[in-house]
Amino acid sequence: MRLPRFNPDRRQFTLIWRALWVAGLLPLLMLVSAGLRDALGANPIEYITRATGDWTLRLLLLTLAVTPLRQLTGWHWLVRLRRMLGLYAFFYACLHLTTYVWLDQFFDWPGMLKDIAKRPFVTLGFAAFVLMLPLAATSTNAMIRRLGGRTWQGLHRAVYAVAVLGVAHYWWLVKKDLTEPILYASVLGTLFALRLWHALRLQRTLQAQAA
């Protein structure tokens with residue numbers, strides 16, 4: 001059952017877009033505020049690393065949730081917010097990586113290469129970031145026109161691999177309490193299941209129409 005149809009006009013959509021834009025900056029502002037108040041805990045670097053990593057995963061999952069939510073509600077305008085969510089996910093991934101490179105390793109490139117080769121969770125996290133690079137680079141309307149809609153959509157399906165790698169990165173990182181990694185994995189599994197359910201339902205509808 002779909003929710004009541006809601007089609008915001010231009011003014012309403014602008015307000016929604018601006019509210020989401022501000023909301024996307026709140027995690028960073030909270031980190032800055034905690035730093036100014038000396039409230040980052042006994043290990044500030046670990047605190048920042050965890051916070052930026054968490055928000056990268058949350059925003060990735062929100063980005064992936066747009067299509068299933070649109071299919072369930074009929075709110076097609078949600079698609080117009082997906083790009084911002086994806087770019088915010090990339091933004092926090094950049095902060096996450098910067099924290100590791102600068103604050104944690106202090107630009108020790110040989111040490112980081114050894115980390116990538118020897119520590120599986122670092123390998124998975126780095127692979128996820130590398131996959132995000134072309135997605136962020138081709139997020140503009142000009143790149144969509146240059147690549148063509150079908151090629152662009154095929155490229156951006158890599159976001160599913162990024163999400164899987166991100167969840168695996170977090171799961172492998174956590175050593176004791178797996179509550180949060182399990183929660184993220186469950187949300188991702190649910191999103192995959194919803195997409196599969198919709199694809200099967202669409203296939204049955206097309207087969208019924210053909211018959």
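How many helices and how many strands are there in the chain? There are nine helices and zero strands, where helices (H or I, at least four residues) and strands (E, at least two) are DSSP runs numbered from the N terminus.

## Basis of the model

The model is predicted, so local features need pLDDT of at least 70 and side-chain atom pairs count only at pLDDT 80 or more, while totals for chains, interfaces and linings use all residues. Residues are numbered from 1 along each chain as its sequence is written, and side-chain values use heavy atoms, with hydrogens and water left out.

## Overall fold

Along the sequence the pattern reads α-α-α-α-α-α-α-α-α. The C-alpha trace spans about 60 × 40 × 40 Å along its principal axes. Of the 211 residues in the chain, 35% are buried; buried means under 20% relative accessible area, exposed over 50%, and partly exposed in between (1.4 Å probe, protein chains only).

Among contacts (heavy atoms within 4.5 Å) between residues at least 6 apart in sequence, 68% join residues at least 24 apart.

## Surface and charge

The accessible surface of the chain is about 13,500 Å², and 67% of this belongs to carbon and sulfur atoms. Accessible areas come from the Shrake-Rupley method with a 1.4 Å probe; for residues, only the protein chains shown count as cover.

The chain has 24 positive and 9 negative charges, and their mean positions are 19 Å apart. Lys and Arg count as positive and Asp and Glu as negative, with His and the chain ends not counted; each charge is placed at NZ of Lys, CZ of Arg, CG of Asp or CD of Glu.

## Largest pocket

The largest pocket has a volume of about 900 Å³. A pocket is an open set of points, on a 1 Å grid over the protein atoms alone, where a 1.4 Å probe fits, with protein on both sides within 12 Å along at least five of seven lines; lining residues have an atom within 4 Å of a point. Grid points are joined across faces, edges and corners, and the volume is the space filled by probe spheres set on the points.

The lining consists of 34 residues, and Thr49, His96, Tyr100, Phe121 and His169 lie nearest the centre. Two or more lining residues come from each of helix H2 (44-73), helix H3 (79-104), helix H4 (109-118), H5 and helix H8 (158-173). H2 gives the largest share, nine residues.

Threonine 63 is in helix H2 and counts as buried because its relative accessibility is 10%. Beyond residues up to four places away in sequence, threonine 63 touches Arg82, Leu85 and Gly86.

Serine 139 lies in the loop between H5 and helix H6 (141-147).

## Sites with positive phi

Most residues other than glycine have a negative phi. Aspartate 38, in the loop between helix H1 (10-36) and H2, has a positive phi near 55 degrees. Its relative accessibility of 71% makes aspartate 38 exposed.

Phenylalanine 106 sits in the loop between H3 and H4 and has a positive phi of about 50 degrees. Phenylalanine 106 is exposed at 60% relative accessibility.

Leucine 133, in helix H5 (residues 120-137), is partly exposed at 38% relative accessibility. Leucine 133 and leucine 155 are 22 residues apart in sequence and 11 Å apart in space, C-alpha to C-alpha.

Proline 110 is in helix H4 and is exposed, with a relative accessible area of 53%. From proline 110 to leucine 72 the separation is 38 residues in sequence and 49 Å in space, C-alpha to C-alpha.
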